[in-house]
Amino acid sequence: MPDNGSLGIVETHVARLFTADDPLVLAGGSTLGPVDVAYETYGTLSDARDNAVVICHALTGDAHAAGFHAGAKRPGWWDNLIGPGKPLDTDRFFVICANLLGGCQGTTGPASIDPATGRAYGLDFPLLDMADFVTVHRALLAHLGIERLLAALGGSLGGMQVLEWALRYPEQLSNAAIVAASSRLTAQNIAFSAVARRAIMDDPDFNDGRYAEHGVVPRLGLRTARMMAHITYLSEDAFSEKFGRTPHPARDKPGFGIDFAVESYLDHQGRVFLERFDALSYLYLSRVMDYFDPFSRPHATAAVASCPVQFLVMSFDTDWRFSTDHSRRIVKHLENARQPVSFREIPASWGHDSFLLPVPRYHDTLRGWFDRASREGLR
């Protein structure tokens with residue numbers, strides 16, 4: 001049930017932002033249309049339209065960031081952060097969250113129908129770039145009649161989108177918060193995603209991406225991908241504290257089934273994931289992260305150097321997926337571009353997933369940062 005700081009019941013909206021006659025031109029040169037985008041908003045847009053904050057979601061997130069859908073038992077994925085009296089206070093801010101291009105929760109993606117063929121795109125869907133996500137976010141703002149943002153905030157892949165936005169279109173952002181993110185994945189990061197994608201594509205039910213036409217889903221591959229990803233999201237301390245070597249209650253003798261509590265947890269996470277996420281979206285969105293390397297572009301910081309953005313970069317000391325070194329690299333590049341940037345490494349025991357949790361020092365930092373942004377207003 002909603003708590004006192006909850007937004008209560010919220011609805012997801014869908015906007016058609018591009019059409020076949022006026023398509024989205026992707027960074028790679030392909031065109032895509034129509035493009036529908038699912039999004040939610042929380043709070044009230046001020047008369048001056050100067051209190052808008054965009055939330056960019058992570059790899060397997062969606063537009064439902066806060067509040068409850070009718071009949072749902074669980075709130076949106078960042079409900080502990082967004083709402084009346086919370087760090088992102090919807091009594092003051094108008095918050096927007098959209099499902100990513102290439103996603104599977106209402107926004108056009110590889111499972112959508114290709115108007116040229118009448119079939120789902122499948123692997124004919126064009127490869128995406130981080131810049132494409134930002135282009136669609138900006139089109140949504142235009143649809144909503146918002147020219148500039150007070151702030152953009154994102155964690156993990158969401159933080160990468162915020163960084164891309166600030167580097168390419170700094171005139172549209174006054175403030176940018178980048179949490180538990182990276183500007184360039186390491187070989188280890190890419191390796192984890194490569195194994196996850198291979199598990200999906202080698203599943204006998206993958207059918208070259210045409211699994212929906214065969215009435216199946218690559219369940220084993222997608223479940224395995226999710227299970228492995230969850231290992232990277234938690235720290236070793238978190239696994240030890242939560243599970244240790246506790247045997248599964250149903251275990252009667254050693255074998256190759258689910259013998260330990262941690263195995264049961266991973267199995268549950270994999271099975272639940274099948275109910276809400278599409279395998280092709282996992283392939284496409286994870287690949288975007290692999291190729292993201294904005295500071296390698298010529299004159300990468302030229303635009304933001306001439307139009308400064310107030311940056312907040314945050315990491316967690318037990319995050320080994322995107323360690324503090326990733327955040328420090330972002331900070332170094334921004335400082336070299338003479339950007340006003342604040343950096344915080346937050347002690348937290350939960351690893352990468354800490355950005356989704358109500359860690360007190362983390363929330364206090366964001367609360368203070370949004371309070372300052374509210375006082376200063378658009379610049």
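**Helix, sheet and pockets**

Author: In this predicted model, helix H9 (residues 324-336) lies across E12, E13 and E14, running at about 160° to E13.

Reader: What makes E12 and E13 a pair of strands, and in which sense do they pair?

Author: Two strands pair if DSSP finds at least two bridges between them. Strand E12 (residues 175-179) and strand E13 (residues 310-316) have 5 bridges, in the parallel sense; therefore they count as a pair.

Reader: Why are E1 and E14 called edge strands?

Author: The open sheet has 8 strands in the order E1-E4-E8-E5-E11-E12-E13-E14, with mixed pairing. Strand E1 (13-18) and strand E14 (341-346) each pair on one side only, and these are the edge strands. From one strand to the next, the twist averages 20°.

Reader: How do you know which residues line the second largest pocket?

Author: Lining residues have an atom within 4 Å of a point of the pocket. Leu-123, Leu-127, Ala-194, Arg-197, Arg-198, Met-201, Leu-283, Tyr-284, Arg-287 and Tyr-291 line the second largest pocket, so each of them meets that cut-off. H3 and H7 each give two or more residues to this lining.

Technical notes:
Residues numbered from 1 in each chain as written. Predicted model: local features only at pLDDT ≥ 70, side-chain atom pairs only at ≥ 80, totals over all residues. Heavy atoms only, no water. Helix = DSSP H or I, 4+ residues; strand = E, 2+ residues; numbered from the N terminus. Axes fitted to C-alpha atoms, helices over the stretch in contact; angles between N-to-C directions. Contact = heavy atoms within 4.5 Å. 1 Å grid on protein atoms, 1.4 Å probe; cavity = no way out; pocket = protein on both sides within 12 Å on 5 of 7 lines; lining within 4 Å.
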